[in-house]
Amino acid sequence: MTFKDKINSDQFIVCGEIGPPQSCDGDVIRKKSQYFKDIADAVNITDNQTAMPRLSSIASAKILLEEGVEPIIQMTCRDRNRLAIQSDLLGAAALGVRNVLCLTGDYQTFGDNPEAKGVFDLDSTQLIATVAKLNSGYLLSGREMKKAPEFLIGAAANPFAVPFEMRLIRLCKKIRAGAHFIQTQPIFDLELFIKWIERIVEMGLHEKIAILAGVMPVKSANTLLRMRADVPGVKINDEYIQRMEKATDPQSEGVKIAVEIIRTVKNLKGIRGVHIMPFLWESIMPTIVKEAGLRN
Amino acid sequence: MHSDLVTYDTPPISERERRFSRFLLFFEDLIKVPIFRCQHCGECILSSTGFVCSQRCPKRLRNGPCGGTRADGHCEVFPERWCIWYKIYMRSKFLGRIKLLYKINRIHNWNLERTSAWLNVFKKRIDAPVLFVRNDKEYEKLDDFQRQN
């Protein structure tokens with residue numbers, strides 16, 4: 001059963017995320033993929049995450065396919081113009097990749113090459129429309145292809161950043177451009193997230209698109225504090241920071257928080273699955289999934 | 001199906017027209033640069049973005065804010081600046097032009113960079129500006145999605 005079939009069915013979806021290394025060591029991906037095998041329905045592979053050069057997401061996806069894990073490649077607009085995006089997408093489709101998450105991308109000054117030229121030829125909405133057009137059998141130039149790719153198109157949504165209404169408008173645009181599923185930013189503010197999803201259900205958007213809630217297990221209070229300071233658009237409740245600071249074993253407290261969030265969002269109307277992002281902590285994935293009761 | 005969002009079917013620009021475009025751009029700049037800080041994309045979408053130039057965004061986003069807007073509404077890249085899409089939303093709400101934010105802006109045609117947007121509208125290369133919006137109150141409720149699809 002492919003990820004596409006699962007999205008189209010009613011089952012609860014679990015996605016993971018792997019960050020490729022900053023080296024050419026493919027074994028890192030192979031090792032990390034074992035934590036997701038038979039647990040996650042599909043695994044995101046970040047594309048030069050935090051604007052640092054890493055092993056390419058399409059190459060990593062090929063390794064995952066060999067390991068029997070279904071990949072979702074992330075595609076950012078920061079590093080490619082429309083020519084490169086089309087050729088990379090066709091290349092990925094030829095290698096057997098079936099899922100793509102369309103992102104705008106972190107700005108280059110956040111990474112280790114702040115002097116770089118950011119491309120941003122397309123934005124994420126236009127990238128979704130581009131993939132949809134490739135799916136329909138045409139290149140951007142209007143030329144017909146002999147064989148069309150069949151991508152399942154993902155998009156990101158941030159329920160926590162201002163202006164909130166504009167976020168919903170943008171989500172509507174992404175759906176209209178042709179997105180099939182949405183992955184949200186990591187939830188560290190349940191109250192706001194519940195308000196957001198209620199709004200989505202009210203508008204009926206949850207029937208048009210599968211929404212996967214983002215969950216990020218963290219190892220220490222420091223990680224949360226650093227995220228709050230350095231990652232714009234992430235909202236972290238003081239409650240979680242205090243809990244992590246007080247805990248004698250911060251790692252198990254981190255797991256506990258993640259499991260709690262998963263259990264809450266699982267019962268919300270409009271949520272079709274979770275997207276777990278164990279940033280630099282892939283080994284914790286089986287524990288979280290088991291404790292949250294998502295898989296036996 | 002979504003070809004209208006991404007394709008261009010624009011007539012080529014002749015040398016004569018380019019010259020005229022440059023001439024016109026001088027006068028366009030006199031107005032648009034001081035008032036809107038125009039970035040000369042040649043594909044003006046000012047009317048659909050509450051008359052705030054979206055091209056002042058560091059990522060030059062044409063379809064809404066990236067995920068990084070700070071809690072105070074400032075830009076993730078330059079914390080001292082406003083997120084331009086935050087300003088666009090606020091201005092659109094103030095002017096009653098929320099409806100226009102739903103429009104998906106097409107991929108930027110870089111051939112039109114540094115050409116006169118006025119001439120491009122006249123030559124039907126880009127959409128004409130929308131001057132008046134009616135019944136925007138309904139759109140503020142964000143339930144128009146059903147109507148559009």
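Me: What's the mean pLDDT of chain B?
Reply: This is a predicted model, and chain B averages a pLDDT of 86. In that chain, 85% of the residues reach 70 or more.

Me: And where does pLDDT stay under 50 in chain B?
Reply: Over residues 143-149 of chain B. The model has 16 contacts beyond four places in sequence for that stretch.

Me: What ipTM and pTM does the model score?
Reply: ipTM is 0.92 and pTM is 0.94.

Me: OK, chain A. How many strands are in the barrel, and how do they pair?
Reply: Eight strands, with parallel pairing, in the order 1-2-3-4-5-6-7-8, and the barrel is closed. On average, neighbouring strands there are turned by 30° against each other, ignoring direction.

Me: How many bridges join strand 1 to strand 8 in chain A?
Reply: Three, between strand 1 (residues 13-18) and strand 8 (residues 271-276), and the two run parallel.

Me: What does helix 5 of chain A lie across?
Reply: Helix 5 (residues 124-135) lies across strand 3, strand 4 (99-103) and strand 5 (152-157) of chain A. Against strand 4, the helix runs at about 150°.

Me: Switching to Lys59(B). Where is it in chain B?
Reply: In the loop between helix 2 (15-36) and helix 3 (84-95) of chain B.

Me: Buried or exposed?
Reply: Lys59(B) counts as buried, because its relative accessibility is 5% and the cut-off for buried is under 20%.

Me: So what does its side chain meet? Which side chain makes a polar contact with Lys59(B)?
Reply: That of Glu76(B), at 3.0 Å. A polar atom of the Lys59(B) side chain also lies 2.9 Å from the backbone oxygen of Gly105(A).

Me: Which residues is Lys59(B) in contact with, leaving aside neighbours within four places in sequence?
Reply: From chain A, Thr104(A), Gly105(A), Asp106(A), Tyr107(A) and Phe120(A). From chain B, Cys66(B) and Glu76(B).

Me: Phe120(A) has a positive phi, I see. What's the value?
Reply: About 45°, although Phe120(A) is not a glycine. You'll find Phe120(A) in the loop between strand 4 and helix 5 of chain A. Phe120(A) counts as buried because its relative accessibility is 6%.

Me: Lys124(B) has a positive phi as well. Where does that residue lie?
Reply: In the loop between helix 4 (117-122) and helix 5 (136-140) of chain B. Phi of Lys124(B) is about 60°, and again the residue is not a glycine. At 73% relative accessibility, Lys124(B) counts as exposed.

Me: While we're on backbone things, which residues does the cis peptide bond join?
Reply: Val162(A) and Pro163(A), with omega at about -15°. Pro163(A) lies in the loop between strand 5 and helix 6 (164-177) of chain A.

Me: Now salt bridges. How many over all chains?
Reply: The count comes to 22. One of them joins the side chains of Lys6(A) and Asp41(A), at 3.1 Å from N to O. Lys6(A) is in helix 1 (residues 3-8), while Asp41(A) is in the loop between helix 2 (26-34) and strand 2 (42-45), and the two are 35 residues apart.

Me: Are those two buried or exposed?
Reply: Lys6(A) and Asp41(A) are both buried.

Me: How about Arg30(A), which side chain does it meet in a salt bridge?
Reply: Glu67(A), at 3.9 Å from N to O. Arg30(A) lies in helix 2 of chain A and Glu67(A) in helix 3 (residues 57-67), so the pair ties together parts 37 residues apart in sequence. Arg30(A) counts as partly exposed, at 31% relative accessibility.

Me: And what's the N to O distance for Asp47(A) and Arg80(A)?
Reply: 2.8 Å. Asp47(A) sits in the loop between strand 2 and helix 3, and Arg80(A) in the loop between strand 3 (71-76) and helix 4 (82-95), 33 residues apart. Asp47(A) is buried at 5% relative accessibility, and Arg80(A) is buried with a relative accessible area of 11%.

How values were computed: Residues numbered from 1 in each chain as written. Chains lettered and ligands numbered in written order. Predicted model: local features only at pLDDT ≥ 70, side-chain atom pairs only at ≥ 80, totals over all residues. Heavy atoms only, no water. Helix = DSSP H or I, 4+ residues; strand = E, 2+ residues; numbered from the N terminus. Buried < 20%, exposed > 50% of the residue type's maximum accessible area, 1.4 Å probe, protein only. Polar contact = N/O pair within 3.5 Å; in protein donor to acceptor, adjacent residues only side chain to side chain. Contact = heavy atoms within 4.5 Å. Salt bridge = Lys/Arg side-chain N within 4 Å of Asp/Glu carboxyl O. pLDDT = per-residue confidence, 0-100. Pairing = 2+ DSSP bridges. Axes fitted to C-alpha atoms, helices over the stretch in contact; angles between N-to-C directions.
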